[in-house]
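Open the model in your viewer and keep the selection tool at hand. The stops below say what to pick and what to look for.

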Amino acid sequence: MSVTNKAEKVLDAVFIYGGILDAYEAVGTELIGENVVSDYVIPKMVYYVREFLPEVFSEISTDQDKLISELETWLNEFRGKIERAREIGTGRDFTMEEIWELRAAIFGYESVFIDILGETAIKNYVFKRIADIISAYLPDSFIYEGDTTLTTLDAKLDSFITTIQSKKFVEFAKYKIKDENVIITANRCAFSKIHDSEAYRNANVRFCPWGMIGSAILASHRGKETNIKSCLFTTKGSVSTIISK
């Protein structure tokens, strides 16, 4: 793979995963307030990040204030790096390991928002808004209406599945449209090692980013609210069932 192609591959994941973080923060601000990340998210994220991203911290410590400060510094630096990638249009400064770290941060955000808002609010409101926000970050081929070859839902979902397989984000993926539902299956995901963590296994409610992206595609296409009805996880993948309302 050429340096340019590798950079483009990583940048795709940076933009989409970064969009998920942005969406969480936007919805959190709507429901909780401007300081949602610093006052609520980061302090609660320490528990999750210590397990699957211990390298964020300088040492094993029981000093909660120190852990919070180091996590906030790491997250701010990571977000700054994403913004610079957006500005210059290249992901050459990112590694696939860093993209996995971004995936882990998404799980931390998700877990904290579930803790704060509860499962009902997450399912009935948060993910509807997130699907709408993520739409702005999707590649044109997932949502584009101008090209007549990409006006059907099948074409857009096929583009999504083909993309994540061709870029080796997953080794296998498929979709199925059934009535008002869309089912996204992903297996042997490049970022799935988080599935083996204790924090992940103990989480009562979890949502796969690939399912969240599928939900955004469906929301954009139908112009209706969408929700993730269920998300079943394996050690290497997931099956997400998305519904329109």
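Select Asn 227 in strand β3, residues 226-233 (strands are DSSP E runs of at least two residues, helices H or I runs of at least four, both numbered from the N terminus). This is a predicted model: local features need pLDDT of at least 70, side-chain atom pairs count only at pLDDT 80 or more, and totals for chains, interfaces and linings use all residues. Residues are numbered from 1 along each chain as its sequence is written, and side-chain values use heavy atoms, without hydrogens and water.

Is Asn 227 buried or exposed? Asn 227 is buried, because its relative accessibility is 4% (buried is under 20% relative accessible area, exposed over 50%, partly exposed in between; 1.4 Å probe, protein chains only). Now show its contacts (heavy atoms within 4.5 Å). Beyond neighbours within four places in sequence, they include Lys 123, Phe 127, Ser 215 and Ile 243.

Next, select helix α3 (residues 64-88) and helix α4 (residues 96-117). Their axes come within 12 Å and cross at roughly 120° (lines fitted to C-alpha atoms over the stretch in contact; angles run from 0 to 180 degrees between N-to-C directions). Show the side chains at the contact: among them are Trp 74, Phe 78 and Lys 81 of α3, and Glu 98, Leu 102 and Tyr 109 of α4.

Stay on Lys 81. It lies over the face of Phe 94, 4.9 Å from the ring centre (the criterion is NZ of Lys or CZ of Arg within 6 Å of the ring centre and within 35 degrees of the ring normal).

Finish with Tyr 17, Phe 160, Phe 169, Phe 191 and Trp 210, which form one aromatic cluster.

Methods: Rings of Phe, Tyr and Trp (its six-membered ring) pair if their centres lie within 6.5 Å; planes under 30 degrees apart count as stacked, over 60 as edge-to-face and the rest as tilted.
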